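Subject: Structure handover and notes

Hello,

I am passing on the structure we discussed. Please open it first and read the notes below with it on screen.

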Amino acid sequence: MRVVILEDSQAVSQRAADIICQTVHQQPDCVLGLATGGTPLATYQQLVDRASQGLVSFSQVTTFNLDEYVGLPRQHRQSYWHFMHKNLFELADFNLARCFLPDGLADDLATACDDYERQIAEAGGIELQLLGIGTDGHIAFNEPGSSLGSRTRVKALAEQTRLDNARFFGSMEEVPELAVTMGVGSILASRQVLLLATGSSKADAVEAFIEGPITAAVPASALQLHRSVTVLLDRPAASRLRRLAYYERVEQLQRQLEQCAR
Ligand code: GLP
């Protein structure tokens with residue numbers, strides 16, 4: 001796991017956009033796994049800016065989002081479908097026919113979940129999966145206790161998550177109880193993972209998933225088993241890491257190596 005501590009959240013979004021654009025440059029028809037939430041918003045703005053300047057094109061890219069609330073119409077302002085279309089897809093040159101989200105309105109949710117997994121496999125699997133993290137250590141909507149081998153399915157949201165996400169809705173009561181989410185196993189199947197965390201509210205979850213044991217109690221800790229994970233943190237999110245100085249030294253050495261290779 002490569003842990004990169006950056007000065008502030010703006011540096012996190014710039015570096016995240018660099019990594020995503022590099023993937024798209026290397027493979028213009030790549031498959032990206034995308035996330036919602038407040039954290040990736042600035043990264044999406046970077047991608048939109050770079051596309052509008054002609055520095056990158058997403059026209060051949062396929063995307064799969066991690067999750068979607070059950071029961072919210074697509075046009076609901078808090079549906080993840082709406083979030084992705086308004087904050088990214090419609091602002092850059094994405095082919096909307098290649099932008100997929102789980103269907104939280106399907107009559108048969110179990111079949112829709114299996115279909116989603118099949119669609120990802122048929123697209124060749126996810127090259128780069130972008131992730132945020134919940135304050136309780138969840139990734140996508142894989143709440144504490146989720147099976148570390150889980151695949152796309154319906155999950156009940158934890159109270160903490162509903163409380164955290166209430167800021168986007170009018171009140172806690174309006175936050176849906178259920179979501180369709182890629183599983184921890186689906187995320188582990190992606191070839192590269194890029195996790196972003198900013199702000200002191202994420203510091204405990206960050207420390208737990210990077211330095212704690214692998215446990216379903218902290219679903220993000222399963223990423224310790226993945227061979228290619230980059231974690232981008234601002235200083236407040238990194239503030240509880242015990243091996244902070246070590247990560248910074250490794251990163252310095254890594255940068256030197258990259259410069260030597262140029
Ligand atoms: C939601 C999403 C997650 C996201 C998390 C943190 O629960 N399902 O994918 O990582 O929120 O969101 P934020 O970035 O707003 O803190």
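First, the conventions. This is a predicted model, in which local features need pLDDT of at least 70 and side-chain atom pairs count only at pLDDT 80 or more, while totals for chains, interfaces and linings use all residues. Residues are numbered from 1 along each chain as its sequence is written, and side-chain values use heavy atoms, with hydrogens and water left out.

The ligand

Which residues are closest to the ligand? The ligand is surrounded by 15 residues, and the closest are Gly-38, Thr-39, Asp-67, His-138 and Lys-202 (a residue counts here if one of its heavy atoms lies within 4 Å of the molecule).

Thr-39 places a polar side-chain atom 2.5 Å from an oxygen atom of the ligand. His-138 also has a polar side-chain atom by a ligand oxygen, at 2.8 Å. Taken alone, the ligand exposes 390 Å², and the protein buries 95% of that (areas by the Shrake-Rupley method with a 1.4 Å probe; for residues, only the protein chains shown count as cover).

The loop between β6 and β7

Ala-140 sits in the loop between β6 (128–131) and β7 (153–156). Strands are DSSP runs of E with at least two residues, helices are runs of H or I with at least four, and both are numbered from the N terminus. Although Ala-140 is not a glycine, it has a positive phi of about 50°. Its relative accessible area is 10%, so Ala-140 is buried (buried means under 20% relative accessible area, exposed over 50%, and partly exposed in between, with a 1.4 Å probe and protein chains only).

Asn-142 belongs to the loop between β6 and β7 as well. Why does Asn-142 count as buried? Asn-142 counts as buried because its relative accessibility is 0%. A polar atom of its side chain lies 2.9 Å from the backbone oxygen of Met-182. Leaving aside neighbours within four places in sequence, the contacts of Asn-142 include Thr-181, Met-182, Gly-183 and Val-184, together with Pro-219 (contact means heavy atoms within 4.5 Å).

Asp-136 is a further residue of the loop between β6 and β7. It is buried, with a relative accessible area of 17%. The side chains of Asp-136 and Thr-161 are joined by a polar contact of 3.5 Å. Not counting residues up to four places away in sequence, Asp-136 touches Glu-143, Pro-144, Ala-158, Gln-160, Thr-161 and Ala-217.

Helix α3

How many of the residues of α3 are buried? The helix is mostly covered, with 6 of its 8 residues buried. Those buried in α3 are Tyr-80, Trp-81, His-82, Phe-83, Met-84 and His-85. They pack against β2 (31–34), α2 (41–52), β3 (62–65), β4 (67–69) and α5 (159–165).

His-85 lies in this helix, which spans residues 80–87, and counts as buried because its relative accessibility is 4%. Outside the four places on either side in sequence, His-85 touches Glu-90, Leu-96 and Leu-101.

Two residues elsewhere

Arg-2 is in strand β1 (residues 2–6) and, at 25% relative accessibility, counts as partly exposed. Its side chain makes a polar contact of 3.2 Å with the side chain of Glu-258. Arg-2 and Leu-232 are 230 residues apart in sequence, yet their C-alpha atoms are 8.5 Å apart in space.

Is Arg-227 buried or exposed? Arg-227 counts as exposed, at 83% relative accessibility. Its place is in the loop between α7 (203–211) and β10 (229–234). The C-alpha atoms of Arg-227 and Gly-54 are separated by 32 Å, and the two residues are 173 apart along the chain.

Regards

How values were computed
A polar contact is a pair of N or O atoms within 3.5 Å; within protein, one must be able to donate a hydrogen and the other to accept it, and residues adjacent in sequence count only if both atoms are side-chain atoms.
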